[in-house]
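This report looks at a few backbone features of the structure shown below, and then at one of its sheets.

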Amino acid sequence: TWALSNTGVLSSSNPSAIRLSYTILSTETYGQPPNARQPTGPGNFQPQMLSTNDDRMNQVVFAAGKLYGGVNTILGSGSTARAGIAYFVVTPSVTEQQVSAVLSGQGYVSAQNRDVYYPSIGVNNSGKGLIGYSLSGNENFPSAAYSLIDSTGFQGPIVISKAGILPQDGFTGSGSDHVARWGDYSASYADELGNVWFATECIPTAKRTVLANWGTYITRVTP
């Protein structure tokens, strides 16, 4: 958890008194996620898997006094390993000299026989929101999905807001490993009315190009 304090000096001609501090929290276990699965289907390159990249934090939101974030992670092991999501709810406290933080919620989002990945959390001023993410599996084409969350953590269940209709078969999966690039740009935002909007990649019912067939789906939820 990082904090920038004494920011009032930013408007001065010599803002040297600004302070950057951090603290480290111990959390649940998370780690490098496996590639995600998808069904086969008609297409150009037929990649077998979707890349989930790594376990970096992609987006953090500060709402109702708490920080919310999520990362890709591995769930299970060996032949049963799948991609899932680890999420964290942190309550920070800041003085002029330092930041402290308490882990007030954490957990995992997982789906039986499916992969969920690239989380993005949006929370409104009432502390209610969602985790938006991509979902796929042996029987699910790449889809847009979400689960509700509040200040205590995951509230479930998994909701598919836009079911994919085909596999990702664009040119990024034409390499020797047959692992296709996927949407690590998922994003969520709460508006002034308390709605939460999120956008994530899926394979829609839209006209494709020769080399690509992916799309972005936008979902609005009122938690």
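A64 lies in the loop between β5 (60-63) and β6 (66-75), where helices (H or I, at least four residues) and strands (E, at least two) are DSSP runs that are numbered from the N terminus. This is a predicted model, in which local features need pLDDT of at least 70 and side-chain atom pairs count only at pLDDT 80 or more, while totals for chains, interfaces and linings use all residues. Residues are numbered from 1 along each chain as its sequence is written, and side-chain values use heavy atoms, with hydrogens and water left out.

Most residues other than glycine have a negative phi, and most peptide bonds are trans. The table gives two residues that have a positive phi although neither is a glycine; for their accessibility, buried means under 20% relative accessible area, exposed over 50%, and partly exposed in between (1.4 Å probe, protein chains only).

| Residue | Phi | Relative accessibility |
|---|---|---|
| A64 | about 50 degrees | 46%, partly exposed |
| N113 | about 60 degrees | 58%, exposed |

N113 is found in the loop between β8 (99-109) and β9 (114-123).

Three strands, in the order β3-β4-β14, make up an open sheet with mixed pairing, two strands being paired if DSSP finds at least two bridges between them. Because β3 (36-37) and β14 (179-180) each have a single partner strand, they stand at the edges, and one side of each is left without a neighbour in the sheet. β3 and β4 (residues 49-50) run antiparallel and are joined by two bridges, with L50 in β4 as the bridge partner of A36.
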